[in-house]
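Reader: I would like to learn how to read the features of a model such as this one, step by step. Could we begin with the terms and then turn to the case at hand?

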Amino acid sequence: NKTMKLTTKILIGLLLGAAVGLFLHFSAPELFTTLDTYIFSPLGTIFLNLIKMLVVPIVFFSITLGVASLGDPKKLGRIGGKTIAFFLATTTVAITIAIALAYVFQPGSGDFNTAGAEYESQEAPTVIETFTNIIPTNPIQAMTEANMLQIIAFSIFIGFALAMLGKKTETVMRLIEQGNEIMMFLVNVIMKFAPYGAFGLLA
């Protein structure tokens, strides 16, 4: 019920934002510029920054807690295998759809004026490099750079250690649980601001 109400408010915010933005843009450009500078853009930016602020701690606390709560390492292996299989399957489907659409619509096949455009393509990392780079050499740096794969890997290791050590790390486990509770509370608080953020972004 709460989710439906929030979704409705966000949709209203999106529609109002689009309507107000279009109306002011064409009827009063100067007023639109002023409102965009002091109201619309700040609302959208604040909302996006609030979400970005919570991404790293939510991933760390939730995955660590989830892995630690499994208890039995065998369960972790089974769940990990299923997760990897699901990830590979969905990735394959996504790539297949992308390639099929690229063949049908042929993006970039027209004539484009690229004078003055400077772009140097970088060689994609090998599969081995991708897998080895998942393990962070500096977990704190991975968190500051929001390197999600490395954060997830580190969280899994911490959760596994907590599961294996059991009562020896009860205090740390409680800290992780409380950290997760704090993040969930903040998510609920921030989502109450979502309609206003959506309004600002669309406007």
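Author: Let us start with what a helix is here: helices are DSSP runs of at least four residues, numbered from the N terminus. Please keep in mind that this is a predicted model.

Reader: Which elements make up the protein chain, and in what order do they run from the N terminus on?

Author: The protein chain holds 8 helices and 0 strands, and its elements follow one another as α-α-α-α-α-α-α-α. Of the contacts in the chain with a separation of 6 or more, 76% are accounted for by residues 24 or more positions apart.

Reader: Where does Asn 180 lie, and is Asn 180 buried or exposed?

Author: Asn 180 has its place in helix α7. A residue is called buried when its relative accessible area is under 20%, and because Asn 180 has 12% relative accessibility, Asn 180 counts as buried. Leaving aside residues up to four places away in sequence, Asn 180 touches Phe 61, Ser 62 and Leu 65. Over the whole protein chain, buried residues make up 19% of the 203 residues.

Reader: Which residues of helix α8 are buried, and what covers them?

Author: In α8, which spans residues 194-202, the buried residues are Ala 194, Pro 195, Gly 197, Ala 198 and Gly 200, and their cover includes α1, α2 and α7.

Reader: How many aromatic pairs does a search of the whole structure find, and how should I read them?

Author: The search finds 6 aromatic pairs. One of them joins Phe 32 and Phe 40, a tilted pair at 6.2 Å centre to centre with 45° between the planes, and both of these residues are buried. For another pair, planes under 30 degrees apart count as stacked; the rings of Phe 60 and Phe 154 have planes at 20° and centres 6.0 Å apart, so this pair is stacked. Because Phe 60 lies in helix α2 and Phe 154 in helix α6, the pair ties together parts that are 94 residues apart in sequence. Phe 60 is buried, at 15% relative accessible area, whereas Phe 154, at 23%, counts as partly exposed. Phe 32, Phe 40 and Phe 199 also form one aromatic cluster.

How values were computed:
Residues numbered from 1 in each chain as written. Predicted model: local features only at pLDDT ≥ 70, side-chain atom pairs only at ≥ 80, totals over all residues. Heavy atoms only, no water. Helix = DSSP H or I, 4+ residues; strand = E, 2+ residues; numbered from the N terminus. Buried < 20%, exposed > 50% of the residue type's maximum accessible area, 1.4 Å probe, protein only. Contact = heavy atoms within 4.5 Å. Phe/Tyr/Trp six-rings, centres within 6.5 Å; stacked < 30°, edge-to-face > 60°.
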